[in-house]
Amino acid sequence: MTKMNRNYKVGDLIYDAVIYDGMNTSMDDLQFYKRWLPKNKAVRILELCCGTGRLTLPIAKDGYDISGVDYTSSMLEQAKLKACEGGLKVEFIEADIRTLDLTEKYDLIFIPFNSIHHLYTNEDLFKAFNVVKNHLKEGGLFLLDCFNPNIRFIVESEKEFKEIAEYATSDGRKVLIKQAMRYENNSQINRIEWHYYINGEFYSIENLDMRMFFPQELDSYLERAGFTVIHKFGDFEEEAFCDNSEKQIFVCQ
Ligand SMILES: C[S@@+](CC[C@H](N)C(=O)[O-])C[C@H]1O[C@@H](n2cnc3c(N)ncnc32)[C@H](O)[C@@H]1O
């Protein structure tokens, strides 16, 4: 049997808060998550893998009591800074979502923006699902989104070394990112490399390993973890999940 490569990597620059925020300016998912928030603002919301607060802060701005969890301290520092600048009171917790243990329970928990692709083994995934279950109130909602693995796209992308982003950061750096990828068949991990060029000079190669979840397996994992899938959408406009859906978006109870 071939031994599985258990070295999963996400390079430091990928989750460097300023580099991350400069790149991730799209807010396509915000309206979707807002739509599923209870109307009663006295509820408690928990975002797992909140990063720099891209979604956490606008939700807090709407008057919700939201807490965010992430294990990358630089991302959380940036989130706290932005909350402070915006005059928002948000609790940010530095912790691993596989082992999180809070005394509080929540009405809605979500893991947005493809973050579950960083749960590389089934053991990791089930640990995180258990954490969600332990922190969810009776009848509470659990939402998550990730990609729908597209084999044709992966095969085509493996042949190319292509530019995927060009932008300026808030501290004035010009960033260019080129991407290479190789899908690893035995681990289901897409071994992605981002080659960073900063201010016109090659800077570094950063790994962005993403574990792929095939639709039927994810449905059954959620069920096995004790969740009932109420809706499965294929995009943030809530089209039903189908053959050519780019995303898998779950609303569970
Ligand atoms: C794609 S970013 C999403 C950030 C944010 N939710 C957003 O929408 O912009 C993924 C985040 O997940 C965090 N992360 C990955 N695995 C984690 C884990 N096991 N526990 C806590 N945070 C984790 C990373 O530090 C990173 O900030």
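So, Ile109: if we skip anything up to four places away in sequence, Ile109 touches Leu46, Leu48, Val132, His135, Leu136, Gly140 and Phe142. Keep in mind that this is a predicted model.

Ile109 also shows up in the largest nonpolar core, a set of 53 residues, where Ile109, Phe142 and Leu144 have the most contacts inside the core. Which strand gives the most to this core? That's strand E5, residues 136-147, with 6 residues. And the core draws at least three residues from domain 1, which is 17-149 + 214-252, and at least three from domain 2, 151-210. As background, nonpolar side chains in soluble globular proteins tend to be buried together.

Okay, next up, Trp194. You'll find Trp194 in strand E8, residues 189-198. Buried or exposed? Trp194 counts as buried because 20 other C-beta atoms lie within 10 Å, and 20 or more is the cut-off. Leaving out neighbours within four places in sequence, the contacts of Trp194 are Ile14, Ile177, Gln179, Glu206 and Leu208. For a sense of distance, take Cys50: Trp194 and Cys50 sit 144 residues apart in sequence, and their C-alpha atoms are 22 Å apart in space.

Last stop, the ligand. How many residues surround the ligand? There are 19, and the closest are Cys49, Gly51, Arg54, Thr72 and Phe113. By type, that shell splits into 9 nonpolar, 6 polar and 4 charged residues.

That's my tour, happy to go back to any of it.

Methods. Residues are numbered from 1 along each chain as its sequence is written. This is a predicted model: local features need pLDDT of at least 70, side-chain atom pairs count only at pLDDT 80 or more; totals for chains, interfaces and linings use all residues. A residue is near a molecule or strand if its C-beta atom, placed from the backbone, lies within 6 Å of it. Ala, Val, Leu, Ile, Met, Phe, Trp, Tyr, Cys and Pro count as nonpolar, Asp, Glu, Lys and Arg as charged, and the others, Gly among them, as polar. Helices (H or I, at least four residues) and strands (E, at least two) are DSSP runs, numbered from the N terminus. A residue is buried if 20 or more other C-beta atoms lie within 10 Å of its own, exposed if 12 or fewer, and partly exposed in between; C-beta atoms are placed from the backbone. Two residues are in contact if their C-beta atoms, placed from the backbone, lie within 7 Å. A nonpolar core is a set of buried Ala, Val, Leu, Ile, Met, Phe, Trp, Tyr and Cys residues joined through C-beta atoms within 7 Å. Domain bounds come from an automatic or database domain assignment.
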